[in-house]
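Visitor: I'm new to this structure. Could you pick one part and take me through it closely?

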Amino acid sequence: MKQLKIVIIDYGVGNTHSVSNAIKHLGYKQLKISDNEQTIKEADVLILPGVGAFDECMKNLKDSHLDTILGEQVLENKKPILGICVGMQMMAEFSEENGIHQGLNWIHGMVKKLDLPKNFAVPHVGWNNVTIEHNEPIFSRNDENCNFYFDHSYYFHCNEEYVSAWCDYGVKITAAVQQDNIFGVQFHPEKSQTNGLKLFRSFFNSI
Amino acid sequence: MVKDGIVVQSIGFNKYLPVGKPAIAVEYLNQWGIDEIILLDISATCKQISPDYSMIKKASLKCYVPLSVGGGITEVRHIRELMHCGADKLSLNQSAIFNTDLISEAAHIFGNQCVVVSIDGVKVGNGYCVYDYIKKTNLKISPAEMASKAEEAGAGEILINSVDRDGMYSGYDIELINSVCEKVTIPVIGCGGAKNAKDMIDLFQNTSVSAACAGNFFHFTEHSVNVTKASILKSINVRLETYANYKENNINEDFRLSKKADSVLEEMLFMRIEKEVI
């Protein structure tokens, strides 16, 4: 197993410790939770976790200049990054959560409130099966129709070419996006038991 | 349910029997394929202390499913710290009653999907009241009204627990749970009184809850979670992905596993079970 230098970006509101627990379980020892520019520069791979409201998360990223630091690493140095939940949503151009707010603008698309048929509660909480459009690289170890844990009220609305998986919750919801070295998942792999651990393994092995 | 750092079996909100260490309980539940864990520390608020971070950090270490944490949360600072200790969501009870602003504040910072409001309901006459577990008194507001207020303030989920059924093994209080489900559009988790899979099936068939929650009965038998899910799966679609899935087993009228035929057991002696490597 390659010992990658993994950095979980700490921007104040993510469930960083949960993500770290799951990745450590897979045996990766060079794992850091950090907001330090040097540490982020030296990393082989980045994780942008997410539990939080979009504007608060973006504000925190900007306040600690992480938006520019990450932009440089991801867009110029092509460092692989995996965004989780709101970490993925921040990759969009903008979001309509608590008013219109600008995102990192890495993947064309916007974050919209879930507009569901009656009988479907918002937030979308719980386990849901996903339909995988692109197996490689992050879903290569997962079965077709495997399930993951979702917990969100907003979703990434984008062109189909970026969608690597989606789920059905009354409407088709983007479950995962990818573009070059940028990956994002709406669900929480760190909280999706074996399926989530498999996803992390596939992602790290592809690097 | 945790009291003074120990997982307890709770009976009627006043009797507590020790079960063991939270970290061990979480690890086992996780291995048995639980979908989500709610860890409620009932002593923190009582003693007016902040959440027991070191206990939660240890408990979350082997938790690869969502962990909601409640007890002693009175400020945003507590929530921030909990998120650094492995919590994924927070559960508010006393703060939700007496400091509704904290719901809004937490929802605004961490998103409403992160905020669970837990309500304890008690039957009074023909209706229900919210029960204050600290002062041990009934409040004037009904659980349904309180749930609706919590939703307005920004809560993302409601955990409704029945005081009367707590630890009684008499089944969920369907009427109480329905009264809450009817008032809100956010997901509702039903809790209190579950004895076995049958109670969970009843809950799913007679209410519109998103999840069934149980504490006590999961702690006392090996593979309690996957066996329960296998029983539920016969009538309702639930997630069952553990290696030992009991799908082929017969379940008796008490919702316990029936013994397999001797011929099957003999064959099993020679089955090779490989450990799954991720």
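**A close look at one helix**

Guide: Let's start with helix α6 (residues 193-205) of chain A: at 1.5 Å a residue its 13 residues should span 18 Å, and its end C-alpha atoms are 18 Å apart, which agrees. The expected span here is 1.5 Å times one less than the number of residues. Helices are DSSP runs (H or I, at least four residues), strands are too (E, at least two), and both are numbered from the N terminus. Bear in mind that this is a predicted model, where local features need pLDDT of at least 70, side-chain atom pairs count only at pLDDT 80 or more, and totals for chains, interfaces and linings use all residues. Residues are numbered from 1 along each chain as its sequence is written, while chains are lettered from A and ligands numbered from 1 in the order in which they are written.

Now, which residues of α6(A) are buried? They are Q193(A), N195(A), G196(A), K198(A), L199(A), F200(A), R201(A), F203(A) and F204(A). Buried means that 20 or more other C-beta atoms lie within 10 Å of a residue's own (12 or fewer is exposed, in between is partly exposed), with C-beta atoms placed from the backbone. The cover over these buried residues includes α1 (16-25), β3, β4 (81-84), β9 (147-152) and β13 (182-185) of chain A.

P49(A) is buried because 28 other C-beta atoms lie within 10 Å.

Definitions and conventions
Contact = placed C-beta atoms within 7 Å.
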